[in-house]
Amino acid sequence: YVDATANGCTTATRSAVTATVNAIPTISGVTDNSRCGTGTVTLNAAASAGTINWYAASTGGTTLGTGTSFTTPSITATTTYYVDATANGCTTATRSAVTATVNAIPTISGVTDNSRCGTGTVTLNAAASAGTINWYAASTGGTTLGTGTSFTTPSITATTTYYVDATANGCTTATRSAVTATVNAIPTISGVTDNSRCGTGTV
């Protein structure tokens with residue numbers, strides 16, 4: 001409070017003067033996110049108060065956007081973004097990192113067809129750039145018959161095509177690759193012809 005005194009005379013009442021302490025906002029939480037392959041990623045953050053600001057650097061730079069949610073531009077690799085909050089002219093002491101992860105989509109790098117003679121099982125093989133290899137009876141849909149680089153078919157009587165894809169970090173190969181288990185027919189002797197000759201010689 002303030003008053004004034006002049007020539008022995010003092011203001012009748014004091015006037016209030018307020019010293020305001022504004023709380024410095026904090027980032028109370030961030031939500032990293034990921035995607036498979038190139039594209040945009042939506043990140044989230046929460047603050048104790050004020051407006052959330054998004055940046056490409058931990059200090060300096062211009063604001064990329066504001067709000068609790070931020071959608072990155074299309075990115076091809078894992079990228080870290082940063083957030084702070086501003087309320088009543090006060091800004092968070094440091095920025096918090098929020099990561100947009102780009103997981104590589106695995107590919108099937110090779111398959112090995114195989115064959116057998118007649119009815120029975122056939123062992124097929126496949127290799128992937130990363131992750132777990134999954135085996136199927138169909139090119140799309142269906143349930144997994146097995147996992148791993150090697151798959152032994154059930155007993156089959158005819159040539160059968162199986163399919164493989166790979167899954168890594170929640171990302172799956174765009175399309176399945178065909179792997180063929182060939183059943184070759186076992187030949188039979190369908191007839192014989194005896195022959196003869198008189199005396200020594202060829203027959």
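Before the first click, one term: buried means under 20% relative accessible area, exposed means over 50%, and partly exposed is anything in between, with a 1.4 Å probe and protein chains only. You're looking at a predicted model, where local features need pLDDT of at least 70, side-chain atom pairs count only at pLDDT 80 or more, and totals for chains, interfaces and linings use all residues. Residues are numbered from 1 along each chain as its sequence is written, and side-chain values use heavy atoms, with hydrogens and water left out.

**Stop 1: the cysteines**

Select C171, which counts as buried at 0% relative accessibility. How are C36 and C171 joined? By a disulfide with an S to S distance of 2.1 Å; the term covers a pair of cysteine sulfur atoms within 2.5 Å. The structure holds one such link. Look along the S-S bond and you have -95°, a left-handed link between C36 and C171. C36 belongs to strand β4 (residues 33–36) and C171 to strand β19 (residues 171–172), so the pair ties together parts that are 135 residues apart in sequence. Strands here are DSSP runs of E, at least two residues long, while helices are runs of H or I of at least four, and the numbering starts from the N terminus.

While you have cysteines coloured, click two others. C117 is exposed at 53% relative accessibility, and C198 is exposed too, with a relative accessible area of 75%.

**Stop 2**

Next, select N184 in strand β20 (residues 177–184). N184 is partly exposed, at 35% relative accessibility. Show what surrounds N184: leaving aside neighbours within four places in sequence, its contacts (heavy atoms within 4.5 Å) are S115, R116, C117 and G118. Then draw a distance from the C-alpha of N184 to that of T38: the two are 146 residues apart along the chain and separated by 44 Å.

**Stop 3: aromatic rings**

Switch to Phe, Tyr and Trp. Their rings (for Trp, the six-membered one) pair if the centres lie within 6.5 Å; planes under 30 degrees apart count as stacked, over 60 as edge-to-face, and the rest as tilted. The structure holds four aromatic pairs. Zoom in on W135 and F151: with ring centres 5.3 Å apart and planes at 20°, the pair is stacked. W135 sits in strand β15 (residues 132–136) and F151 in strand β17, so this pair ties together parts 16 residues apart in sequence. Both W135 and F151 are buried.

For a group of rings, select W54, F70 and Y81, which form one aromatic cluster.

Two arginines are worth a click as well. A charge sits over a ring if NZ of Lys or CZ of Arg is within 6 Å of the ring centre and within 35 degrees of the ring normal. The charged end of R95 does this over Y55, 3.4 Å from the ring centre. R176 lies over the face of Y136, at 3.4 Å from the ring centre.

**Stop 4: two open sheets**

Two strands pair if DSSP finds at least two bridges between them. Start with the open sheet of three strands ordered β3-β5-β8, paired antiparallel. Its edge strands, β3 (27–31) and β8 (69–71), each pair on one side only. β5 (residues 42–47) is joined to β8 by three bridges, and within β8 the bridge partner of N44 is S69.

Move on to the other open sheet, with the order β12-β14-β17 and antiparallel pairing. Here β12 (108–112) and β17 are at the edges with a single partner strand each, so one side of each is left without a neighbour in the sheet. Three bridges join β14 (residues 123–128) to β17; T123 stands opposite T152 in β17.

**Last stop: just past β17**

Where does T153 lie? In the loop between β17 (150–152) and β18 (160–168). T153 is buried, with a relative accessible area of 2%. Select its contacts to see what surrounds T153: beyond neighbours within four places in sequence, they are G120, T121, V122, L124, Y162 and A181.
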